[in-house]
Amino acid sequence: MMEPVLSVRDLKKTFVADEQECRVLQGISFEAFPGEILCIMGTSGCGKSTLLRMIAGLETIDSGSISTLESQGTGPARAAMVFQDDALFPWLNVHDNISYGLRLGAEKVPEDVATKRVADLLDLIGLTSFSAYYPYQLSGGMKQRAAVARALAVHPGIILMDEPFSALDPFTRRELQDEIIRIRDAASAEGHPVAILLVTHNPEEAVYLADRIIVLSDRPASIHGLIDVRLPRPRSIADKDFLAIREEVTGLVKR
Amino acid sequence: MEPKKKHSISNIAKGLVVIVLFLIIWEVAAIIINNNYILPRLGDILLVLAHPFASVLGGSSLAQNALVSLREVLTGFLCAVAVAVPLGLLIGTSKEVDSYLNYFTQMIRPVPPIAWMPFAIAWFGLGFTSIIFIIFMGAFFPILINTIDGVHGVRSQWTDVARMFRSTSFERVRTVIVPGALPVIWTGLRVAFAVAWMCVVAAEMLPGTSAGLGFMIMYAYNLGQLQVIGAGMVIIGIIGLGADMLFRAGQTKFFHWQGRG
């Protein structure tokens, strides 16, 4: 059995606002393996985003642990996040947005390595000719691609995506879903396999993308179901088996 | 590009129409009143403006006085930038510092800069340093307030991105907070420069000064030379307009990434 790139153990989180305690996560445990796409589903406000933010090191942990291959401990995991809205820096062009993480002290690489890596990523996401463009000059899909490239630039073991395609039109969304699979395959081929954790509201998107689907219960969230999606790729959304799994997932996500 | 250019040319024309109209009304009124001590003729004002390097009323030339004022404004303005921007970044990023300083700054802010003059003279004596202090007080708050607003306007997702890449807090300020807040800070600088320019003229009008456009205006007033006052006001207006245009040009050049026209 492969070693997991991410192990989440009995994770708990309670927010305190105005002396009111709000329990968000209650004992979440799961593992993610290199090169796998793991979709996380659940009703709105059940704590999916909080879970991702904790893995990204943006939220503190009340109890339990998050450990990654690179950092065996409870510290911030070597995980890079792609936000719901691209969150690109509008004052940097596409090239400088992608290389942003590589210019900070923690992930610093030599200039020529950074240049090469950004060039490869631009090629991977098909934005080479838009390298000097600023975010306001790009379409929503292009911006989200650049945000994915920015996360990939630091060679993370885990990519966290918080409803990355929810603001996009259906055609762009399908295009980017295929691109995620392609990027995952490319990263594995290059010897930097990434686990992709993707939060989505859309059962079809989950079944289309995922190797496994985690369904969270209502708040306080615990794991309600875990589904293995063993469908061959490329998947067809009209396929009989596809539809069956989609129904199963839809049934598990309580409204 | 073409339609935009036409648009701006017609805008300049519209602006000129109002200026010309104002000048005509002024001149007609001056002819009717026919009293140089109430309303000088445009021709007399232009005569002063036409000789910017000639001695005015036996003193420094128009250009020399303008340079003195400009030097004072720049000194006071740059001092204000050097203090207000870092302080604004600190207040904007730290709720703790904000709660200590909020009421204090809100209380000093409404005091007109020129009201500090007696204290300024008591502390720094007559002349350059006191004027610099007045300008500093005038320019300080627009810069401070806009820097704080600018920092508050930085989207939390941008700082999240920086934190996710394990940035230090200094890196976050340098790579996210400052560039994100800069357009608003720039607006603060623009407003502050206009205030500073008003302050210098007012401060120079007070007793004990011996140079600058404000001094020249007061000196001409004492000698009843209203055409010199008019010329001084034109120069003040032109320099103010010029500075504002420079700031606007800087805005389009540096902050085009905001994606507005």
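Mentor: Let's start with a term: two residues are in contact if their C-beta atoms, placed from the backbone, lie within 7 Å. Helices here are DSSP runs of H or I with at least four residues, strands are runs of E with at least two, and both are numbered from the N terminus. Keep in mind that this is a predicted model, where local features need pLDDT of at least 70, side-chain atom pairs count only at pLDDT 80 or more, and totals for chains, interfaces and linings use all residues. Residues are numbered from 1 along each chain as its sequence is written, while chains are lettered from A and ligands numbered from 1 in the order in which they are written.

Chain B has 10 helices and 0 strands, giving the pattern α-α-α-α-α-α-α-α-α-α along the sequence. Its C-alpha atoms fill a box of roughly 75 × 60 × 30 Å along the principal axes. Of its 261 residues, 34% are buried (20 or more other C-beta atoms within 10 Å of a residue's own; 12 or fewer is exposed, and in between is partly exposed, with C-beta atoms placed from the backbone). Among contacts in chain B with a separation of 6 or more, 71% join residues 24 or more positions apart.

Now zoom in on helix 5 (residues 117-124) and helix 6 (residues 128-152) of chain B. Their axes come within 9 Å and cross at roughly 140° (axes are lines fitted to C-alpha atoms, for helices over the stretch in contact, and angles run from 0 to 180 degrees between N-to-C directions). That angle makes helix 5 of chain B oblique to helix 6 of chain B; under 35 degrees counts as roughly parallel, over 145 as roughly antiparallel, 65 to 115 as roughly perpendicular and the rest as oblique. The crossing is right-handed, a label used if the near helix is turned clockwise from the far one by less than a right angle, with anticlockwise being left-handed. From helix 5 of chain B come B:Met117, B:Ala120, B:Ile121 and B:Phe124, which meet B:Thr129, B:Ser130, B:Phe133 and B:Ile134 of helix 6 of chain B. By class, this contact has 6 nonpolar, 2 polar and no charged residues (Ala, Val, Leu, Ile, Met, Phe, Trp, Tyr, Cys and Pro count as nonpolar, Asp, Glu, Lys and Arg as charged, and the others, Gly among them, as polar).

Next, look at helix 9 (residues 213-222) and helix 10 (residues 226-254) of chain B, whose axes come within 8 Å and cross at roughly 160°. That makes helix 9 of chain B roughly antiparallel to helix 10 of chain B, and the crossing is left-handed. Here B:Leu213, B:Met216, B:Ile217, B:Ala220 and B:Tyr221 of helix 9 of chain B meet B:Val228, B:Ile229, B:Gly232, B:Ile235 and B:Ile236 of helix 10 of chain B. The residues of that contact split into 9 nonpolar, 1 polar and no charged.

What about the neighbouring chain? Over in chain A, helix 1 (residues 48-55) is mostly covered, with 7 of its 8 residues buried, including A:Leu51, A:Leu52 and A:Met54. Just after helix 1 of chain A, A:Gly57 takes a positive phi of about 85°.
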